[in-house]
Amino acid sequence: MYCVDRIDCNKSRMIAKNVNAVTEEEAVFRFMACKKPDGGRGVCCQDPNYKDDWPTVPGTCDPPNVRFDDGRCVTPPTPPPGSCPPPLIKLLNGSCGCKPPKVLLPSGKCGTETTITTTPTPPDEKCKPPKVKLSDDKCGCKPPLVLLPNDKCGTETTITTTPTPPDEKCKPPKVLLPSGECGQNDTTIIVIPPPPTPTTTPTTPTGSPKTARDGECTTRNRQAKFAKASYNTTNFEAGAGEFPWHGAVFKSPNEFLCSCSFTPGSTCTTTASCVEDYQPSELKVVVGVYNKANLEAVSDQPPKSSVVKNIAFDPQYSSSTGKYDIAILHLKNNIDVNNYIKEICIDERGAIYLENNNDCVVTGWGNGTSKTLHYVNVDLLSEAECKKSVPGFDAEAMACGRPEQEVCRYVEFGSGLQCRDQKDRNKEPARDHYYLKGTYSGVTSCDRSQVMTFSTINVNQFNEALVNPRKFPLKG
């Protein structure tokens, strides 16, 4: 292309002397302005005698030939000696390579390092039976079979475990698990809670308890399912969220002290004997926890925690007698409820009797090897039986009961005495609401004759302590 006067360029933009066939208006759209060698203004025009260095190739246009936009098929000129074949370029060190950040791939093309360059299994490598060579050169099971955890092939429904015969006892420290196998107590059982379902507040019958705050009382989640076996009440393993009010008290940072019950106003109720030796700032409460060993999340719902701001002690608490062993821990942070964290109600109307009642439970982790939550059924005894079994029993401040399981193994002090208003454990629950009646504060022994003692809640005093904790300091 040359920069010439407009008069010397025809409509085809080819140089032609003394041609003036283009009007001023056409020239604006047809020609590209340029600057002539003498500095004058001109237009870009092509020499009609110019010959392309790339000769036109007759016939089909096959590589390495290329077709131009005008339809011509030409052969690219041969690169000079020392040049790099496309798509490579001459690098600073003189070698041929790809323009960074691209790299030379095994295919001879330029690409990124993330390009998949997996190497298939060598053809001479044999697969160990029952595996076979698959279409991707990898070893696996012949479809529709799949690889099972025991490295054998079978269907997804294949049962790979053989249950222990019923008459064969498990040798300690192993125990019989719900699946029928022998195993350790600390076998991790993942519990899958059901999806939350909307509930309506039922009409409260005359004489039935209610929470310390307005609203519906929390229901025990009996629909929790075990991932390894169907829900089984005989192993007393609690599901995650089955008792959503159960919490744990730690001495900062992570020294476990005792259990507690999540109560209204972001508080947790436990025994005074558990926390009397500590300042509030030294204590941390964790709720929504299932495994106390690692405080792991359940179904993407991690436990929630808060340091303690204030402690309200029962004003009549005596460390020497163990009576009135109750403390309310006021948390510094508000705890939001979810499917695994909910408050337990207080029996404000006194509708649940603490004598001859077999519809109560306590929950905890105990001193056994298992780190997951358990529950223990409790049969509350009469006042006469309690006085006979527990030295110094005081019916004004205490209740007692006989656990149906090994309480020392499964539960620790501070757990709440949780009772239904059905008064019969085997009765089909009409509401299945549990209410906090006291705290687990003592046990006569850890053998089969064990009797548990509970410090009972004074409702009026409890509600006052929820509002004004500083009014209830620990008395000497």
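Leaving aside its neighbours within four places in sequence, with which residues is Thr263 in contact? The points below answer this and describe other parts of the model.

1. Basis of the model. This is a predicted model, in which local features need pLDDT of at least 70 and side-chain atom pairs count only at pLDDT 80 or more, while totals for chains, interfaces and linings use all residues. Residues are numbered from 1 along each chain as its sequence is written, and side-chain values use heavy atoms, with hydrogens and water left out.

2. Confidence. The mean pLDDT of the chain (the predictor's confidence in each residue, from 0 to 100) is 76, and 70% of the residues reach 70 or more. Strand β23 (residues 327–331) has the highest confidence, at a mean of 97, whereas strand β16 (residues 191–192) has the lowest, at 36. Over residues 184–215 pLDDT stays under 50, and the model has 78 contacts beyond four places in sequence for this stretch. Residues 226–232 also stay under 50, with 16 such contacts. Where pLDDT is low, the predicted coordinates should not be read in detail.

3. Overall make-up. The chain contains five helices and 30 strands; these are DSSP runs numbered from the N terminus, helices being H or I of at least four residues and strands E of at least two. Of the 476 residues in the chain, 40% are buried. Buried means under 20% relative accessible area, exposed over 50%, and partly exposed in between, with a 1.4 Å probe and protein chains only. Among contacts (heavy atoms within 4.5 Å) between residues at least 6 apart in sequence, 58% join residues at least 24 apart.

4. Thr263. This residue lies in strand β19 and counts as buried because its relative accessibility is 0%. Leaving aside neighbours within four places in sequence, Thr263 is in contact with Cys268, Thr269, Glu343, Ile344, Ile346, Leu436 and Phe462. The side chains of Thr263 and Thr267 are joined by a polar contact of 2.6 Å. A polar contact is a pair of N or O atoms within 3.5 Å; within protein, one must be able to donate a hydrogen and the other to accept it, and residues adjacent in sequence count only if both atoms are side-chain atoms.

5. Ser259. Strand β19 (residues 255–263) also holds Ser259, which counts as buried because its relative accessibility is 0%. Its side chain makes a polar contact of 2.4 Å with that of Glu412. Not counting residues up to four places away in sequence, Ser259 touches residues including His246, Thr270, Thr363, Trp365, Glu412 and Phe413.

6. The second largest pocket. What volume does the second largest pocket have? The value is about 370 Å³. Of the 22 residues that line this pocket, Ile352, Tyr353, Leu354, Lys437 and Thr456 are the closest to its centre. The elements that give two or more residues to the lining are α3 (383–389), β27 (398–403) and β29 (434–443), and β27 gives the most, with three residues. By class, the lining has 14 nonpolar, two polar and six charged residues. Here Ala, Val, Leu, Ile, Met, Phe, Trp, Tyr, Cys and Pro count as nonpolar, Asp, Glu, Lys and Arg as charged, and the others, Gly among them, as polar. On a 1 Å grid over the protein atoms alone, a pocket is an open set of points where a 1.4 Å probe fits, with protein on both sides within 12 Å along at least five of seven lines, and lining residues have an atom within 4 Å of a point. Grid points are joined across faces, edges and corners, and a volume is the space filled by probe spheres set on the points.

7. Met398. Strand β27 is the place of Met398, which is buried because its relative accessible area is 12%. Met398 and Thr456 are 58 residues apart along the chain, and their C-alpha atoms are separated by 5.4 Å. Beyond four places in sequence, Met398 is in contact with Lys323, Gly392, Phe393, Thr453, Phe454 and Thr456.

8. Positive phi values. Tyr324, although not a glycine, has a positive phi of about 55°. Tyr324 lies in the loop between β22 (304–313) and β23 and counts as buried, at 16% relative accessibility. Asn356, also a residue other than glycine, has a positive phi near 50°. The loop between β24 (345–346) and β25 (357–364) holds Asn356, which is exposed, with a relative accessible area of 59%.
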